[in-house]
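I am opening a notebook on a structure that is new to me. The entries below follow the order in which I looked things up.

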Amino acid sequence: MSNFAWETKFTELFERCIGRYRSGDTDFTGYYTDEDSAFLDAIGYKPRELFDFVEDYADEGTPSPSAALLVASVRRDFFHVVQGGTPSSEQIT
């Protein structure tokens, strides 16, 4: 995946997930293809994180898709630069 194309894929995935959520499918575990899951792994993002933004946007109109992309950008950079592309063994609940 190109370093200059990931944001397009993120935006497309975000929009597709909004469509599923608005159609009444609120079980995010079925939202992602294997390719989507690999993409999320590659940017250091968990499926639930994306769904939380989708759910909030669909229900409340905020944060905007562009705000979700900005947060994803910061998380992606941290994942690649600070964590060296290695997922953390710790998870905060």
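**Entry 1: a neighbouring pair**

Is Asp77 buried, partly exposed or exposed? I looked this up in what is a predicted model, and I found that Asp77 has a relative accessibility of 40%, so that it counts as partly exposed. Its side chain meets that of Arg76 in a salt bridge, with 3.7 Å from N to O.

**Entry 2: salt bridges between helices**

I went on to the other charged pairs, and the count for the model comes to 7 salt bridges. Side chains of opposite charge can pair when their charged atoms come close. One of the pairs I looked up is Glu35 with Lys9, whose side chains meet at 3.2 Å, N to O. This pair links distant parts of the chain, since Glu35 is in helix 2 and Lys9 is in helix 1, 26 residues apart. Glu35 counts as exposed, with 55% relative accessibility, whereas Lys9 is partly exposed at 24%.

I also looked up Asp36 and Arg16, whose side chains form a salt bridge of 2.8 Å, N to O. Asp36 lies in helix 2 and Arg16 in helix 1, so this pair ties together parts of the chain that are 20 residues apart in sequence. Asp36 counts as buried, with a relative accessibility of 2%, while Arg16 is partly exposed, with 36%. I noted finally that Lys9, Arg16, Glu35 and Asp36 are linked in a network of salt bridges.

Which residues of helix 2 are buried? I found Asp36, Phe39 and Leu40. They cover an arc of only 95° around the axis, and therefore sit on the same side of helix 2. The cover over these buried residues includes helix 1 and helix 3. Just after helix 2, I came to Gly44, which takes a positive phi of about 75°.

**Entry 3: the nonpolar core**

I next asked how many residues the largest nonpolar core has. The core has 20 residues, and those with the most contacts inside it are Phe10, Phe14, Tyr32, Tyr45 and Leu50. The elements that give two or more residues to this core are helix 1 (6-22), helix 2 (34-42), helix 3 (47-60) and helix 4 (65-82). Helix 1 gives the most, with 7 residues.

I then followed Leu50 in particular, leaving aside residues up to four places away in sequence, and found that Leu50 touches Phe10, Leu13, Phe14, Cys17, Tyr32, Leu40 and Tyr45.

Where is Val81 found? I placed Val81 in helix 4, and with a relative accessible area of 67% this residue is exposed, because exposed means over 50%. Together with Phe78 and Val82, Val81 makes a nonpolar surface patch of about 320 Å².

Definitions and conventions: Residues numbered from 1 in each chain as written. Predicted model: local features only at pLDDT ≥ 70, side-chain atom pairs only at ≥ 80, totals over all residues. Heavy atoms only, no water. Core = buried A, V, L, I, M, F, W, Y, C linked by side-chain atoms within 4.5 Å. Buried < 20%, exposed > 50% of the residue type's maximum accessible area, 1.4 Å probe, protein only. Helix = DSSP H or I, 4+ residues; strand = E, 2+ residues; numbered from the N terminus. Contact = heavy atoms within 4.5 Å. Patch = residues over 30% accessible without salt bridge, like charges linked within 9 Å, V, L, I, M, F, W, Y side chains within 5 Å. Areas by Shrake-Rupley, 256 points an atom, 1.4 Å probe, with all protein chains shown as cover. Salt bridge = Lys/Arg side-chain N within 4 Å of Asp/Glu carboxyl O. Arc of directions from axis to C-beta.
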